[in-house]
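User: I have a chain open on my screen and would like to talk it through. Can we take it piece by piece?
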Amino acid sequence: MAIARVLVVDDNEAIRISLATILEQHGFEVTCAGDVTEALKFISSEKYDVLLSDLHMPGAGDGLTVVSAMRHANPDAVTLILSSFPEMSAAANAILMQTDEILVKPMNVLDLIDAITQRLAKGPQHRRKVESLATILVRTAEDSIADWYEGVEKEDILMEVPMSRESRCKHLPQLFRDLERRLQAFEPLGTKELKSESASNHGLERRRQGYTAAMMVEESRIFQVTIFHTLQKNLGSIDFSVLLLGVMTIADEVDSQLSQAMKSYIAESVQDALPV
């Protein structure tokens, strides 16, 4: 099998050297370019199997010029964009220009190699599968729950209350279903929240398990961070025309669920404080 040739384009020299070293260690032949002009020269004179380009070099969306050039010069090349935090318009344009995937920095080395290997096996993707936020959340729910639990384990304050993984994660499957329902309702922002019996029960259960109010807030914060990381990892399949509204809807629903949980938590606390 022929060695795959990779063109790495990034204006950060340290990143270029690091990527080149990693790729060469995994059997790729690597050429590096430090700016758009240099990249265009390589593209016009050489043939590459993979383009791995930064999105901003230094201007916003400069990497799209490189992608466009590669698509015209070598339509069979796999094109991958790297970005620390893609602007929505730039990411949408990258998809329209048939970039095969958007990879978010910093990226695990093995994930990067796996992404390149998989794309090479499949060949360039001229059409992308676009998913709704609801579909993505449902599809990735199991992995997100695992990520959330890993985040919780790192918080000493939460781990002060001992319980099994099953007990700690018990409320999450229904929370994902509620998020899916809320996203699919397409209600305007500010619409009165959907009532969740599960959220109310969660508040009661956490109080009986020994959580403080601060612990419940921290647990919810970790959940929001987990969800947004999940969406970031799936930028390549998101419909950007509804992304902002979807993100705000998710944040509103998670806050609403926390509010409902806290109401039942506080109500039982007050009830217990009343004289018998």
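User: Where is Asp-255?
Analyst: Asp-255 sits in helix H13, residues 243-273. Helices here are DSSP runs of H or I with at least four residues, strands are E runs of at least two, and both are numbered from the N terminus. This is a predicted model, where local features need pLDDT of at least 70, side-chain atom pairs count only at pLDDT 80 or more, and totals for chains, interfaces and linings use all residues. Residues are numbered from 1 along each chain as its sequence is written, and side-chain values use heavy atoms, with hydrogens and water left out.

User: How far is Asp-255 from Val-217 in space?
Analyst: 9.4 Å, C-alpha to C-alpha. In sequence, Asp-255 and Val-217 are 38 residues apart.

User: Now helix H12. What length should its 21 residues span?
Analyst: H12 covers residues 213-233 and should span 30 Å, at 1.5 Å a residue. The expected span is 1.5 Å times one less than the number of residues. The end C-alpha atoms of H12 are 31 Å apart, which agrees.

User: Which residues in H12 are buried?
Analyst: Among them are Met-215, Met-216, Glu-218, Ile-222, Phe-223 and Leu-231.

User: Why does Glu-218 count as buried?
Analyst: Because its relative accessibility is 18%. Glu-218 touches Glu-155 and Leu-158, not counting residues up to four places away in sequence. Touching, or contact, means heavy atoms within 4.5 Å.

User: Switching to strands. Which one holds Leu-82?
Analyst: Strand E4, residues 78-83. Leu-82 counts as buried because its relative accessibility is 5%.

User: What does Leu-82 contact?
Analyst: Leaving aside neighbours within four places in sequence, its partners are Leu-19, Leu-52, Ser-53, Asp-54, Leu-55, Leu-103 and Lys-105. The C-alpha atoms of Leu-82 and Asp-54 are separated by 4.5 Å, though the two are 28 residues apart along the chain.

User: How do H2 and H3 cross?
Analyst: At roughly 10 degrees, with their axes coming within 10 Å. H2 is residues 36-45 and H3 is residues 62-73. Axes are lines fitted to C-alpha atoms, for helices over the stretch in contact, and angles run from 0 to 180 degrees between N-to-C directions. H2 and H3 are therefore roughly parallel to each other. Angles under 35 degrees count as roughly parallel, over 145 as roughly antiparallel, 65 to 115 as roughly perpendicular and the rest as oblique.

User: Which residues meet there?
Analyst: From H2, Val-36, Ala-39, Leu-40 and Ile-43; from H3, Asp-62, Thr-65, Val-66, Ala-69, Met-70 and Ala-73.

User: Last one, the whole chain. How many helices and strands?
Analyst: 13 helices and five strands. Buried residues make up 46% of the 276 residues.

User: What is the mean pLDDT?
Analyst: 85, and 86% of residues reach 70 or more. pLDDT is the predictor's confidence in each residue, from 0 to 100.

Notes
Buried means under 20% relative accessible area, exposed over 50%, partly exposed in between (1.4 Å probe, protein chains only).
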